[in-house]
Amino acid sequence: MGNVREQARWTRARLGRGGPALDLLTARFDRHEYAPHVHDEYTVGVTVGGLETIAYRGGRIVSGPGSIVVLEPGEMHTGGPAAPEGYAYRALYAAPALLGDGTLGTALPYFPVPVLHDPELAAALRRAHTDLSAHPDPLEAESRLPWLLAALARRHSTSRAVPGAVPGAVPGARSVAHTVRDRLADELLAPPSLGDLAADLGLSRYQLLRAFRTAMGVPPYAWLAQYRVTRARALLDAGVRPAEAAALVGFADQAHLTRWFRRVLGVTPAAYRNSVQDAGC
């Protein structure tokens, strides 16, 4: 949209290499009002500014900063500003199965309350949305989004786990995690999807994620990114340029390498390369 106060940007992420698509919307509106419409997916949004009003299930709901909004598949709804300053939000459109993976039973999760107040989960959804909108890495998307969506269903839907049950618990979690770790290390330029790995091990994607996080302390995409940084660091030590190192270890581009290099080592790849060269001189 031409008006700087009326903006919408779509990003398509894939859940694993060759996996299903999941769309991400970043929007800021002063006046825009959506016509009544439905989605085949769950709409999961986090309001980041202003107030939005939505006609939904015969009534009207209002969401403010930090609120999570969940609109179910097939439910007619609208959307528009509830205050003069407009509204801003981040939304993702998730296939129903992504929210059911990690709960018990076969029924789709039902959210009796569409506006949720869960600051921890809202912050995690917003961070994942921001990161993946900038760099829609397939393994990162598949590691982060199904995990967060399953948590959303467990915490706030009527299909959450029954007391005492632990959905996703996997005997031999460490062995599962090491198998996944070794596959990712061996195929770091084109890592397999977690869905394929889970199917090979006879697990659901959620079970695989739970086993890996339990054993390794981080989700698969974060482990692989740190492994790639280690490999890239060795290449930089050998005099390889950052852009070339990024390609050789499987990062999407130099910016993607820089983002993770700074997270792990606190400096940019270029600064690191210059420092080791200066030390060598």
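This is a predicted model: local features need pLDDT of at least 70, side-chain atom pairs count only at pLDDT 80 or more; totals for chains, interfaces and linings use all residues.
Why does Arg57 count as partly exposed? Residues are numbered from 1 along each chain as its sequence is written, and side-chain values use heavy atoms, leaving out hydrogens and water.

Let us begin with Arg57, which is found in the loop between S5 and S6. Helices (H or I, at least four residues) and strands (E, at least two) are DSSP runs, numbered from the N terminus. Arg57 counts as partly exposed because its relative accessibility is 31%; buried means under 20% relative accessible area, exposed over 50%, and partly exposed in between, with a 1.4 Å probe and protein chains only. Although Arg57 is not a glycine, its phi is positive, at about 55 degrees. The hairpin around Arg57 has two residues between its strands, S5 and S6.

Strand S5 (residues 52-56) is mostly covered, with four of its five residues buried. S5 runs antiparallel to strand S6 (residues 59-63), joined by five bridges, and Ile54 stands opposite Ile61 in S6. S5 also runs antiparallel to strand S8 (residues 77-81), here through three bridges, with Tyr56 opposite His77. Two strands pair if DSSP finds at least two bridges between them.

Elsewhere, six strands make an open antiparallel sheet in the order S1-S2-S9-S4-S7-S10. Its edges are strand S1 (7-14) and strand S10 (115-116), each pairing on one side only. Within this sheet, S4 (residues 42-50) and S7 (residues 68-71) share four bridges in the antiparallel sense, and Val46 has Ile68 of S7 as its bridge partner. Helix H2 (residues 119-134) lies across S1, S2, S4, S7 and S9, and runs at about 100 degrees to S2.

Finally, turn to a helix pair. The axes of H4 (residues 173-186) and H5 (residues 194-201) come within 11 Å and cross at roughly 135 degrees. Axes are lines fitted to C-alpha atoms, for helices over the stretch in contact, with angles from 0 to 180 degrees between N-to-C directions. That angle makes H4 oblique to H5; under 35 degrees counts as roughly parallel, over 145 as roughly antiparallel, 65 to 115 as roughly perpendicular and the rest as oblique. Val176, Thr179, Val180, Arg183 and Leu184 of H4 make the contact with Leu197, Asp200 and Leu201 of H5, where contact means heavy atoms within 4.5 Å.
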